[in-house]
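Colleague: I have a model here and would like to go through it with you. Can you show it first?

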Amino acid sequence: MKILYVLPDGTVKTGGNWVTATRLSLGLENRGIIVDLIEAKNVTKEILIKYDIIHAFHVFKSLCRIRPFLVNLDKKIVVSFTGTDLKQLQDTNKNKIEIIDFLNTLEAVIVFHNEDREELIREGIFDKKIKIIPQAVMPMLQKSKGRRHSIVNGSFSPNVTFLFASGMRKAKSPLEMLELMSGLEKKEKNIQLVLIGPILEKELEAKISEKIKGKKWIKYLGEVSHQEVQEHILAADIIIN
């Protein structure tokens, strides 16, 4: 069996879609299933016909982008319905009924929580179409020992390491988080904060730089690989989400 995971264009490697797709693909590959990942902008009908199952992550950013290629395609089509999708669907008026009718033709609509399932049923998605695949931890790619970060040339050994791993955008409140952590650092001097993830909204770049400027107890690492994310998670004492 071959499965194609279709991700939104520009998916970052610390984002939810990438993490979920990678976690699922690792599990499936361990069962002998061939899994490939592709961004929606690169999809063609010639590519789709090579797979048994097409799984789009995100309705509006993935599934709707490749919909023209799905016409008369005799394949099982699945979509992971995100929280962002739910809000966008609820705010949609123009073609909401048409979108719901289309979703009801799919093999399955995947959600992460029962609350999301109940919301979709209220919106008109058939109960029998909705499947719940709970979020879970990422399998470790290799054994990794936790370690304390040294972010000031090895001269600083913190009592507590905080980790904030996320694409930097307003919805994740990075500026508010930095304000709170700055207040904490004034009371508890021997702490450090490690930031991981790309800045997704350009207007935040200067603001984040200003917030962390001159603060040796804060280290911003930018976007890193999944393996590095795992290592930082193991090394941290507290994860901020």
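Modeller: One definition to start: the expected span of a helix is 1.5 Å times one less than its number of residues. Helices (H or I, at least four residues) and strands (E, at least two) are DSSP runs, numbered from the N terminus. This is a predicted model, where local features need pLDDT of at least 70, side-chain atom pairs count only at pLDDT 80 or more, and totals for chains, interfaces and linings use all residues. Residues are numbered from 1 along each chain as its sequence is written, and side-chain values use heavy atoms, with hydrogens and water left out.

Colleague: What does helix α3 span between its end C-alpha atoms?

Modeller: Helix α3 covers residues 59–70, which is 12 residues. A straight helix of that length would span 16 Å. Between its end C-alpha atoms, α3 spans only 14 Å.

Colleague: Which residues of α3 are buried?

Modeller: Buried means under 20% relative accessible area, exposed over 50%, partly exposed in between (1.4 Å probe, protein chains only). Cover for the buried residues of α3 includes β1, α2, β3, β4, α4 and α5. The buried residues are V59, F60, S62, L63, I66 and L70.

Colleague: Which residue with a positive phi follows α3?

Modeller: Its phi is near 60 degrees. The residue is N72.

Colleague: How many bridges join β7 to β8?

Modeller: β7 takes residues 160–165 and β8 takes residues 191–196. One of the pairs is V160 with I191. The number of bridges is six.

Colleague: Are α7 and α8 roughly parallel or roughly antiparallel?

Modeller: Axes are lines fitted to C-alpha atoms, for helices over the stretch in contact, and angles run from 0 to 180 degrees between N-to-C directions. Angles under 35 degrees count as roughly parallel, over 145 as roughly antiparallel, 65 to 115 as roughly perpendicular and the rest as oblique. α7 and α8 pack at about 5 degrees, with their axes 10 Å apart. The two helices are therefore roughly parallel.

Colleague: Which residues of α8 make the contact with α7?

Modeller: Contact means heavy atoms within 4.5 Å. From α7 come P174, L175, L178 and E179. From α8 come L204, K207, I208, K211 and I212.

Notes:
Pairing = 2+ DSSP bridges.
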